[in-house]
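Me: I have a model open and want to go through it piece by piece. Can you take some quick questions?

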Amino acid sequence: MATNRQLLRPLYFLQRAIANLVHAPLMSLVATATIALSLFVGAIFALSISGGEALLNAWGGAAHLTLYLSPAAPDEAARILAQRAAFLAGPQATVQTVTHDAALARLKHDLGDLGRALDGLEENPLSPLVEVRLPRSANAAEVRALADQFARIPEVIDVDYGRAWLDRLTSLLLALRWTAILLGVVVLAATIFLVSNTIQLTVFARREEIEIMKLCGGTDWFVRTPFLIEGALQGLAGGLIALGGVALARHLLLPKMADALAFAAGMDLPRLLPSQMLAVAGGGAALGLLGSALAVGRFLRA
Amino acid sequence: MIKLFHVTKSYLGDRPCIADLSLTVDKSEFVFLTGPSGAGKTTLLRLIFAAERPTSGQIIVGGRNIARLSASAIPYLRRNIGVVFQDFKLLNNRSVLDNVAFALEVIGERVGPARRRAREMLGRVGLEHKAESPPQRLSGGEQQRVAIARALVNSPAIVLADEPTGNLDASLTADILQLLFDSNARGATIVVATHDRGLLTRFPRRAVQLAHGKMTSDG
Ligand SMILES: Nc1ncnc2c1ncn2[C@@H]1O[C@H](COP(=O)(O)OP(=O)(O)OP(=O)(O)O)[C@@H](O)[C@H]1O
Ligand SMILES: [Mg+2]
């Protein structure tokens with residue numbers, strides 16, 4: 001009997017919560033809309049940052065590392081190093097060996113007419129080198145990590161990968177991320193505040209019912225549970241609406257933006273991963289739950 | 001069953017509405033609580049079901065010291081106490097039946113059995129034909145009977161009734177009191193607050209009289 005009751009309890013509270021939502025649709029809509037809006041803004045912001053990241057990476061083009069050997073190193077050492085570099089950089093990277101002669105030929109070609117001055121050289125002053133071209137998908141952090149690995153190889157006397165540029169890009173993105181997190185926290189706090197105040201109004205509207213529950217021997221949890229479920233349902237609805245909004249925005253807005261940024265052609269539009277969608281929906285439910293817990297808690301303590 | 005030791009209840013700045021009151025109500029006793037308006041009858045009942053805390057003194061209900069009861073234990077105390085409120089406290093957005101069944105749902109009874117017992121109880125107060133109406137469409141006397149049905153539906157060990165016959169004619173008054181007497185005969189301890197001294201002559205029972213929060217007679 002007792003266990004039977006407990007098993008049926010969740011259903012009972014769910015029914016009560018849904019009935020309450022249906023009875024006071026306006027307040028539910030306000031809470032839902034608040035959560036939907038803040039999650040929508042948050043998701044769009046997150047997508048913009050990841051889009052910006054992708055854009056900046058695409059802008060930078062394929063990353064390109066040059067490994068220099070000592071000028072005295074034989075061409076054979078460069079070939080061995082190239083094999084090693086190819087192994088480290090992975091199958092998608094293209095690796096090219098530039099021998100002493102090839103390096104000199106390049107220099108002559110670059111110098112054009114002036115290049116004839118080099119004919120008098122008795123000995124080739126240039127280092128052989130290995131060029132590693134990474135796929136577009138490689139991000140700044142990966143490039144840097146790889147460069148560090150190359151630098152640890154004894155034959156390599158220097159690694160050139162546009163370090164300053166990559167470092168600046170990385171720190172810019174990091175700053176953007178922190179700004180986003182900070183803003184996110186502010187928006188989150190504001191949302192919880194607004195939602196709990198809205199739900200407080202519904203709690204207040206049902207104060208007679210709550211009073212009677214308590215006078216008839218209902219526990220605080222009995223009073224609280226339907227409100228918590230209502231809050232979670234409102235938040236879940238808000239999360240789903242936000243996801244719908246994000247999908248709509250992607251379809252309507254982003255193609256135009258991508259057209260405007262012609263240099264980003266071929267870049268993938270940022271999209272929410274399934275796990276992120278789940279996070280938005282679950283985050284909505286959590287926001288609603290928290291807002292409602294705060295509102296009822298405040299009321300029960302008074 | 002109910003014991004008060006030197007209980008005083010005062011609200012800020014006012015003179016106490018219960019002043020140094022000591023009172024014992026035994027198990028299965030039936031007591032009228034009388035006194036003029038403002039004597040402190042409602043306040044005394046509210047102290048007993050822990051809706052108010054005494055300013056000083058001790059109150060023991062069903063063996064539990066109310067002053068020491070934690071907030072989370074109060075609901076469990078109240079499950080043994082059926083209260084008929086002077087202002088009924090019925091919910092107008094629920095049917096009469098749901099109002100009565102609600103008292104059972106709140107303490108964990110399933111909806112089906114709760115409604116069954118509520119309907120049975122409405123039959124006992126003669127209102128089964130109004131089960132689906134909202135309380136506000138009922139007359140004052142009918143609402144009073146719904147309030148009594150809700151207080152008794154749980155078969156509580158203690159019943160506190162605040163002016164339960166205030167809105168009833170003589171024959172309904174007798175019917176309602178009979179419900180309380182029946183409940184008393186089955187072992188419940190009953191306290192009925194009323195300013196209607198006529199009840200005492202028609203239904204002689206122990207009567208505790210209050211005036212300005214003090215007991216003026218008992219017997
Ligand atoms: N919450 C409160 N704050 C201040 N004073 C109160 C409060 N509740 C009751 N009182 C005062 O306590 C006194 C007793 O009130 P109570 O309601 O107990 O009287 P009563 O005997 O039930 O009267 P009635 O027969 O009119 O119902 C009154 O003077 C009232 O003004
Ligand atoms: Mg009163």
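Me: How many salt bridges does the rule find across the interface of chain A and chain B?
Reply: Two salt bridges are found there. Keep in mind that this is a predicted model. In one of the bridges, B:Arg94 pairs with A:Glu209, and the closest N and O atoms are 3.6 Å apart.

Me: Which helix of chain A gives the most to the side that touches chain B?
Reply: Helix 7 of chain A, with seven residues. Helix 1 (2-23) and helix 7 (207-215) of chain A each supply at least two residues of that side.

Me: And how many residue pairs are in polar contact across the interface of chain A and chain B?
Reply: Four, with both residues of each pair at pLDDT 80 or more.

Me: How many residues does the contact take from each chain?
Reply: 19 residues from chain A and 20 residues from chain B. Between them the two chains bury about 1900 Å². Carbon and sulfur atoms account for 61% of that area.

Me: Changing topic. Which protein donors does the magnesium ion (ligand 2) have?
Reply: B:Thr42 through OG1 and B:Gln86 through OE1, at 1.8 to 2.3 Å from the ion. B:Thr42 lies in helix 1 (residues 41-48) of chain B, while B:Gln86 is in the loop between strand 6 (81-84) and helix 3 (96-105) of chain B, so the pair ties together parts that are 44 residues apart in sequence.

Me: Is B:Gln86 buried, exposed or partly exposed?
Reply: B:Gln86 counts as partly exposed because its relative accessibility is 41%. B:Thr42 also counts as partly exposed, at 30%.

Me: What is B:Phe32 in contact with, leaving aside neighbours within four places in sequence?
Reply: Its contacts include B:Leu177, B:Val192, B:Leu199, B:Phe203 and B:Arg205.

Me: Where does B:Thr165 lie?
Reply: B:Thr165 is in the loop between strand 7 (158-162) and helix 6 (170-185) of chain B. At 7% relative accessibility, B:Thr165 counts as buried, because the cut-off is under 20%. Beyond its neighbours within four places in sequence, B:Thr165 is in contact with B:Gln144, B:Thr173, B:Ile176, B:Leu177 and B:Leu199.

Me: What separates the C-alpha atoms of B:Thr165 and B:Thr8?
Reply: 28 Å, with the two residues 157 apart along the chain.

Note on methods
Residues are numbered from 1 along each chain as its sequence is written. Chains are lettered from A and ligands numbered from 1 in the order in which they are written. This is a predicted model: local features need pLDDT of at least 70, side-chain atom pairs count only at pLDDT 80 or more; totals for chains, interfaces and linings use all residues. Side-chain values use heavy atoms; hydrogens and water are left out. Donors are N, O and S atoms within 2.8 Å of the metal (3.2 Å for Na, K and Ca); water is not among the atoms, so sites may look incomplete. Helices (H or I, at least four residues) and strands (E, at least two) are DSSP runs, numbered from the N terminus. Buried means under 20% relative accessible area, exposed over 50%, partly exposed in between (1.4 Å probe, protein chains only). Contact means heavy atoms within 4.5 Å. Buried area is the accessible area (1.4 Å probe) that two parts lose on being put together, summed over both. A salt bridge is a side-chain nitrogen of Lys or Arg within 4 Å of a carboxyl oxygen of Asp or Glu. A polar contact is a pair of N or O atoms within 3.5 Å; within protein, one must be able to donate a hydrogen and the other to accept it, and residues adjacent in sequence count only if both atoms are side-chain atoms.
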